[in-house]
Amino acid sequence: MLLFRSEENIDRWCAETKMPRGVALGLDQLWQLSKLWYSDRLSPDFAGRTAAQVEAIFEKVGLTATFWRLS
Amino acid sequence: MDLGIRHFVYRHFVAEARPPTVDEIAREFNLARTEAEAAVERLHQHHLLFLEPGTTDIRIANPFSAIPTDYQVRVGPRAYWANCAWDMLGIPAALHTDAVIEAVYTDTREWTTITISSGELQPAAGVVHFPLPVRQWYDDLILT
């Protein structure tokens with residue numbers, strides 16, 4: 001995942017580099033997602049997540065589109 | 001045993017800003033080198049860390065990167081490399097701490113500073129691009 005100044009610049013960069021154009025998140029939403037995603041990463045018990053757990057985290061920050069689904 | 005090694009890798013990353021070598025893992029757990037190599041390969045297969053292709057060198061223990069990137073995260077006296085623009089926020093989230101992030105905009109190659117202070121993201125310009133849908137993330141982790 002790469003940082004850009006704007007969505008328009010993502011469009012241009014993807015066209016120039018022939019990279020796939022996906023979805024852009026603002027930094028505020030990404031910070032909320034990061035806290036849910038990574039808060040337990042240093043726990044000795046962390047052993048990965050199920051697809052349902054992954055989707056539940058995305059849903060908590062409003063990411064419900066097919067792009068964010070594993071099932 | 002493998003989850004214990006996974007946790008050791010993370011503790012080592014946090015303390016030293018780099019992953020342990022296989023030899024350091026073997027020493028820590030009193031294993032033969034081949035046993036330590038097999039353990040990190042199993043953790044790689046389970047997506048609990050990621051090895052440099054063709055080696056048993058640990059490259060990624062999300063959100064930490066063993067190699068320099070466009071995203072450096074300063075926490076107190078330590079500086080960590082994040083794998084990507086998501087992981088630059090993932091490091092303070094994982095450490096439950098404030099941080100000062102130096103990051104490069106991919107489109108302009110300009111540096112910017114992003115700050116987490118008192119647990120809050122301070123106003124900063126930018127958007128993060130996720131090129132691939134979630135179900136494809138592990139097809140090509142470097143591109144992702």
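Modeller: Welcome! In this predicted model, H1(B) and H2(B) lie oblique to each other.

Colleague: Thanks! How should I read a pair of helices like that?

Modeller: In general, two packed helices are described by the angle between their axes and the distance between the axes. Here the axes of H1(B) and H2(B) cross at roughly 120 degrees and come within 11 Å. An angle from 65 to 115 would count as roughly perpendicular and one over 145 as roughly antiparallel, so this pair is oblique. The crossing of H1(B) past H2(B) is right-handed.

Colleague: Which residues make the contact?

Modeller: From H1(B) come B:Gly4, B:Ile5, B:Phe8, B:Val9 and B:His12, and from H2(B) come B:Glu24, B:Ile25, B:Glu28 and B:Phe29. Five of the contact residues are nonpolar, two polar and two charged.

Colleague: Which residues of H2(B) are buried, and what covers them?

Modeller: Helix H2 of chain B spans residues 22–29, and its buried residues are B:Val22, B:Glu24, B:Ile25 and B:Ala26. Their cover includes helix H1, helix H3 (33–45) and strand S2 (58–61) of chain B. After H2(B) comes B:Asn30, with a positive phi near 55 degrees.

Colleague: And how do I read a sheet?

Modeller: Strands of a sheet pair through backbone hydrogen bonds, either parallel or antiparallel. One open sheet here has three strands in the order S1(A)-S9(B)-S2(A), with antiparallel pairing. Its edge strands are S1 (2–4) and S2 (23–26) of chain A, each pairing on one side only.

Colleague: How many bridges join S1(A) to S9 of chain B?

Modeller: Three, in the antiparallel sense. In S9(B), B:Val127 is the bridge partner of A:Phe4.

Technical notes. Residues are numbered from 1 along each chain as its sequence is written. Chains are lettered from A and ligands numbered from 1 in the order in which they are written. This is a predicted model: local features need pLDDT of at least 70, side-chain atom pairs count only at pLDDT 80 or more; totals for chains, interfaces and linings use all residues. Side-chain values use heavy atoms; hydrogens and water are left out. Two strands pair if DSSP finds at least two bridges between them. Helices (H or I, at least four residues) and strands (E, at least two) are DSSP runs, numbered from the N terminus. Buried means under 20% relative accessible area, exposed over 50%, partly exposed in between (1.4 Å probe, protein chains only). Contact means heavy atoms within 4.5 Å. Axes are lines fitted to C-alpha atoms, for helices over the stretch in contact, and angles run from 0 to 180 degrees between N-to-C directions. Angles under 35 degrees count as roughly parallel, over 145 as roughly antiparallel, 65 to 115 as roughly perpendicular and the rest as oblique. A crossing is left-handed if the near helix is turned anticlockwise from the far one by less than a right angle, and right-handed if clockwise. Ala, Val, Leu, Ile, Met, Phe, Trp, Tyr, Cys and Pro count as nonpolar, Asp, Glu, Lys and Arg as charged, and the others, Gly among them, as polar.
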